[in-house]
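Please find below a short note for a colleague who is meeting this structure for the opening time. The structure itself is shown first, and the points follow.

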Amino acid sequence: MQLILASASPRRSQILRDLGVVFAVQEPPPEAERALPRHLPLPRLRNLLPEVSQGKALAVASQLEGEQLVLAADTVVYAQGQILGKPGGGLVARRHLETLSQRTHRVLSAVSVLCCSSGALCSRVEETQVRFQALDEQQIERYVGTGEPLDKAGSYGIQGWGGLFVEWIRGRYDNVVGLPLCAVESALQELGYSLYDFRT
(Lines give C-alpha, C1' and ligand atoms only; values in the text may rest on other atoms or scores of the structure.)
Protein backbone atom coordinates (compact mmCIF):
# COMPACT_ATOMS: atom_id res chain seq x y z
CA MET A 1 0.00 0.00 0.00
CA GLN A 2 1.38 3.40 -1.01
CA LEU A 3 0.48 6.71 0.63
CA ILE A 4 -0.20 9.60 -1.76
CA LEU A 5 -0.29 13.16 -0.46
CA ALA A 6 -2.74 15.13 -2.59
CA SER A 7 -1.14 18.49 -1.92
CA ALA A 8 1.65 20.65 -3.28
CA SER A 9 2.14 22.26 0.14
CA PRO A 10 5.79 21.98 1.22
CA ARG A 11 4.66 22.41 4.83
CA ARG A 12 2.41 19.34 4.74
CA SER A 13 5.17 17.30 3.11
CA GLN A 14 7.64 18.42 5.77
CA ILE A 15 5.34 17.39 8.61
CA LEU A 16 5.17 13.86 7.18
CA ARG A 17 8.89 13.73 6.40
CA ASP A 18 9.72 14.76 9.97
CA LEU A 19 7.96 11.57 11.10
CA GLY A 20 9.89 9.46 8.62
CA VAL A 21 6.74 8.70 6.63
CA VAL A 22 7.30 7.43 3.08
CA PHE A 23 4.86 8.99 0.61
CA ALA A 24 4.52 10.35 -2.90
CA VAL A 25 3.06 13.73 -3.83
CA GLN A 26 0.42 14.25 -6.49
CA GLU A 27 -1.11 17.71 -6.72
CA PRO A 28 -4.87 17.82 -7.32
CA PRO A 29 -5.90 19.34 -10.67
CA PRO A 30 -7.02 22.98 -10.54
CA GLU A 31 -10.66 22.02 -11.13
CA ALA A 32 -10.62 20.05 -7.85
CA GLU A 33 -10.11 23.26 -5.88
CA ARG A 34 -13.51 24.21 -4.53
CA ALA A 35 -13.89 27.81 -3.42
CA LEU A 36 -15.98 28.28 -0.31
CA PRO A 37 -18.12 31.39 0.19
CA ARG A 38 -16.10 34.03 2.00
CA HIS A 39 -18.80 34.74 4.57
CA LEU A 40 -20.10 31.66 6.34
CA PRO A 41 -21.44 30.91 9.81
CA LEU A 42 -18.90 28.79 11.66
CA PRO A 43 -21.13 25.68 11.94
CA ARG A 44 -21.74 25.80 8.18
CA LEU A 45 -18.01 26.07 7.54
CA ARG A 46 -17.35 23.02 9.72
CA ASN A 47 -19.86 21.06 7.63
CA LEU A 48 -18.62 22.21 4.22
CA LEU A 49 -14.87 21.98 4.72
CA PRO A 50 -14.66 18.16 4.52
CA GLU A 51 -16.28 18.31 1.08
CA VAL A 52 -13.29 20.35 -0.10
CA SER A 53 -10.67 17.83 1.05
CA GLN A 54 -12.82 14.95 -0.22
CA GLY A 55 -12.98 16.56 -3.66
CA LYS A 56 -9.20 16.79 -3.79
CA ALA A 57 -8.79 13.16 -2.71
CA LEU A 58 -11.29 11.91 -5.29
CA ALA A 59 -9.70 13.95 -8.09
CA VAL A 60 -6.25 12.53 -7.38
CA ALA A 61 -7.56 8.98 -6.90
CA SER A 62 -9.18 9.11 -10.35
CA GLN A 63 -5.68 9.46 -11.83
CA LEU A 64 -4.22 6.48 -9.95
CA GLU A 65 -4.23 2.72 -10.32
CA GLY A 66 -3.41 0.06 -7.76
CA GLU A 67 -3.20 -0.16 -3.99
CA GLN A 68 -2.96 3.40 -2.76
CA LEU A 69 -4.28 5.60 0.00
CA VAL A 70 -4.82 9.24 -0.90
CA LEU A 71 -4.45 11.84 1.85
CA ALA A 72 -5.89 15.29 1.11
CA ALA A 73 -6.28 18.35 3.30
CA ASP A 74 -7.67 21.85 3.21
CA THR A 75 -6.97 24.58 5.77
CA VAL A 76 -8.78 27.88 6.26
CA VAL A 77 -8.35 30.84 8.59
CA TYR A 78 -11.64 32.15 9.98
CA ALA A 79 -11.90 35.57 11.61
CA GLN A 80 -14.67 38.09 12.17
CA GLY A 81 -17.22 35.86 10.44
CA GLN A 82 -15.23 35.41 7.24
CA ILE A 83 -12.64 33.16 5.62
CA LEU A 84 -9.26 34.81 5.09
CA GLY A 85 -7.76 33.01 2.11
CA LYS A 86 -4.38 33.32 0.44
CA PRO A 87 -3.93 37.02 -0.26
CA GLY A 88 -2.12 36.89 -3.59
CA GLY A 89 -0.77 40.40 -3.02
CA GLY A 90 0.51 42.80 -0.41
CA LEU A 91 -2.59 44.95 -0.12
CA VAL A 92 -4.87 42.03 0.82
CA ALA A 93 -2.19 40.62 3.13
CA ARG A 94 -2.10 43.91 5.02
CA ARG A 95 -5.87 43.89 5.40
CA HIS A 96 -5.81 40.32 6.70
CA LEU A 97 -3.14 41.14 9.26
CA GLU A 98 -5.06 44.22 10.40
CA THR A 99 -8.09 41.98 10.88
CA LEU A 100 -6.08 39.47 12.94
CA SER A 101 -4.35 42.12 15.06
CA GLN A 102 -5.21 41.81 18.76
CA ARG A 103 -7.91 39.24 18.03
CA THR A 104 -8.49 35.53 18.39
CA HIS A 105 -9.18 33.63 15.19
CA ARG A 106 -9.75 30.00 14.25
CA VAL A 107 -7.80 27.73 11.97
CA LEU A 108 -9.79 24.79 10.61
CA SER A 109 -8.36 21.89 8.65
CA ALA A 110 -10.27 19.07 7.01
CA VAL A 111 -8.32 15.92 6.21
CA SER A 112 -9.66 13.10 4.05
CA VAL A 113 -8.22 9.66 3.41
CA LEU A 114 -9.45 7.63 0.45
CA CYS A 115 -8.65 3.98 -0.25
CA CYS A 116 -8.38 3.66 -4.02
CA SER A 117 -9.10 -0.08 -4.14
CA SER A 118 -12.23 -0.12 -1.96
CA GLY A 119 -13.46 3.45 -2.41
CA ALA A 120 -13.72 3.86 1.36
CA LEU A 121 -13.44 7.51 2.39
CA CYS A 122 -12.99 9.02 5.83
CA SER A 123 -12.72 12.68 6.88
CA ARG A 124 -11.94 14.60 10.04
CA VAL A 125 -11.99 18.31 10.95
CA GLU A 126 -9.51 19.86 13.39
CA GLU A 127 -9.94 23.34 14.87
CA THR A 128 -7.38 25.54 16.66
CA GLN A 129 -7.79 28.98 18.18
CA VAL A 130 -4.94 31.46 17.67
CA ARG A 131 -4.50 34.82 19.41
CA PHE A 132 -2.48 37.59 17.79
CA GLN A 133 -0.85 40.45 19.64
CA ALA A 134 -1.58 44.03 18.60
CA LEU A 135 0.26 44.78 15.34
CA ASP A 136 1.35 48.25 14.37
CA GLU A 137 1.83 49.46 10.81
CA GLN A 138 5.59 48.93 10.86
CA GLN A 139 5.27 45.31 12.00
CA ILE A 140 2.78 44.60 9.25
CA GLU A 141 4.90 46.29 6.58
CA ARG A 142 8.06 44.46 7.61
CA TYR A 143 6.28 41.13 7.61
CA VAL A 144 4.61 41.67 4.24
CA GLY A 145 8.05 42.70 2.94
CA THR A 146 9.40 39.21 3.68
CA GLY A 147 7.00 37.76 1.09
CA GLU A 148 6.00 35.03 3.53
CA PRO A 149 2.30 35.98 3.80
CA LEU A 150 1.57 35.88 0.08
CA ASP A 151 0.94 32.13 -0.27
CA LYS A 152 -0.49 31.48 3.18
CA ALA A 153 -4.13 31.20 4.24
CA GLY A 154 -4.82 34.15 6.50
CA SER A 155 -1.61 35.83 5.29
CA TYR A 156 0.71 34.33 7.91
CA GLY A 157 2.79 31.26 8.61
CA ILE A 158 3.04 30.31 12.27
CA GLN A 159 6.16 28.25 11.56
CA GLY A 160 7.95 31.31 10.12
CA TRP A 161 8.09 35.03 10.82
CA GLY A 162 4.35 35.02 11.45
CA GLY A 163 5.01 33.13 14.67
CA LEU A 164 6.33 36.38 16.16
CA PHE A 165 2.76 37.69 16.33
CA VAL A 166 1.16 34.74 18.14
CA GLU A 167 0.40 35.30 21.82
CA TRP A 168 -1.10 31.86 22.34
CA ILE A 169 -2.80 28.97 20.63
CA ARG A 170 -5.48 26.62 21.94
CA GLY A 171 -5.35 23.34 20.07
CA ARG A 172 -2.87 21.62 17.79
CA TYR A 173 0.08 23.56 16.39
CA ASP A 174 0.41 21.24 13.36
CA ASN A 175 -3.16 22.11 12.44
CA VAL A 176 -2.16 25.76 12.06
CA VAL A 177 0.76 24.68 9.86
CA GLY A 178 -1.72 22.75 7.72
CA LEU A 179 -1.76 19.03 8.59
CA PRO A 180 -3.14 17.89 11.97
CA LEU A 181 -1.51 14.51 12.49
CA CYS A 182 -3.98 13.34 15.13
CA ALA A 183 -6.83 13.81 12.66
CA VAL A 184 -4.84 12.07 9.90
CA GLU A 185 -4.13 9.08 12.13
CA SER A 186 -7.77 8.88 13.24
CA ALA A 187 -8.99 8.83 9.63
CA LEU A 188 -6.41 6.22 8.67
CA GLN A 189 -7.33 3.99 11.59
CA GLU A 190 -11.00 4.05 10.62
CA LEU A 191 -9.92 2.54 7.30
CA GLY A 192 -7.70 -0.03 9.02
CA TYR A 193 -4.32 1.68 8.57
CA SER A 194 -1.87 3.86 10.50
CA LEU A 195 0.91 6.30 9.72
CA TYR A 196 3.20 3.70 11.29
CA ASP A 197 2.48 1.50 8.25
CA PHE A 198 4.32 4.02 6.05
CA ARG A 199 7.38 4.81 8.14
CA THR A 200 10.90 4.19 6.86
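The numbered points below go from the whole chain to selected residues.

1. Basis of the note. This is a predicted model, in which local features need pLDDT of at least 70, side-chain atom pairs count only at pLDDT 80 or more, and totals for chains, interfaces and linings use all residues. Residues are numbered from 1 along each chain as its sequence is written, and side-chain values use heavy atoms, with hydrogens and water left out.

2. Secondary structure. The chain holds six helices and seven strands, taken as DSSP runs numbered from the N terminus (helices: H or I, at least four residues; strands: E, at least two). Their order along the sequence is β-α-β-α-β-β-α-β-β-α-β-α-α. The chain is as compact as a globular protein of 200 residues, because its radius of gyration of 17 Å is close to the 16 Å of the globule rule (taken over C-alpha atoms; the rule is 2.2 Å times the number of residues to the power 0.38).

3. Of the 200 residues, 51% count as buried, that is, under 20% relative accessible area with a 1.4 Å probe, protein chains only. Among contacts (heavy atoms within 4.5 Å) with a separation of 6 or more, 69% come from residues 24 or more positions apart.

4. Thr128. This residue belongs to strand 6, residues 121-132. Thr128 counts as buried because its relative accessibility is 0%. Its side chain makes a polar contact with the side chain of Asn175 at 2.9 Å; such a contact is a pair of N or O atoms within 3.5 Å, and within protein one must be able to donate a hydrogen and the other to accept it, while residues adjacent in sequence count only if both atoms are side-chain atoms. Leaving aside residues up to four places away in sequence, Thr128 touches several others, including His105, Val107, Ile169 and Val176.

5. Helix 6. The buried residues of this helix, which spans residues 181-190, are Leu181, Ala183, Val184, Glu185, Ala187 and Leu188. They pack against helix 1 (10-19), strand 3 (68-79), strand 5 (104-115), strand 6 and helix 5 (173-177). Just after helix 6, Gly192 has a positive phi of about 90 degrees.

6. Ala187. Why does Ala187 count as buried? The reason is its relative accessibility of 0%. Apart from residues up to four places away in sequence, Ala187 touches Val113, Cys122 and Arg124. The C-alpha atoms of Ala187 and Glu127 are separated by 15 Å, and the two residues are 60 residues apart along the chain.

Methods:
Buried means under 20% relative accessible area, exposed over 50%, partly exposed in between (1.4 Å probe, protein chains only).
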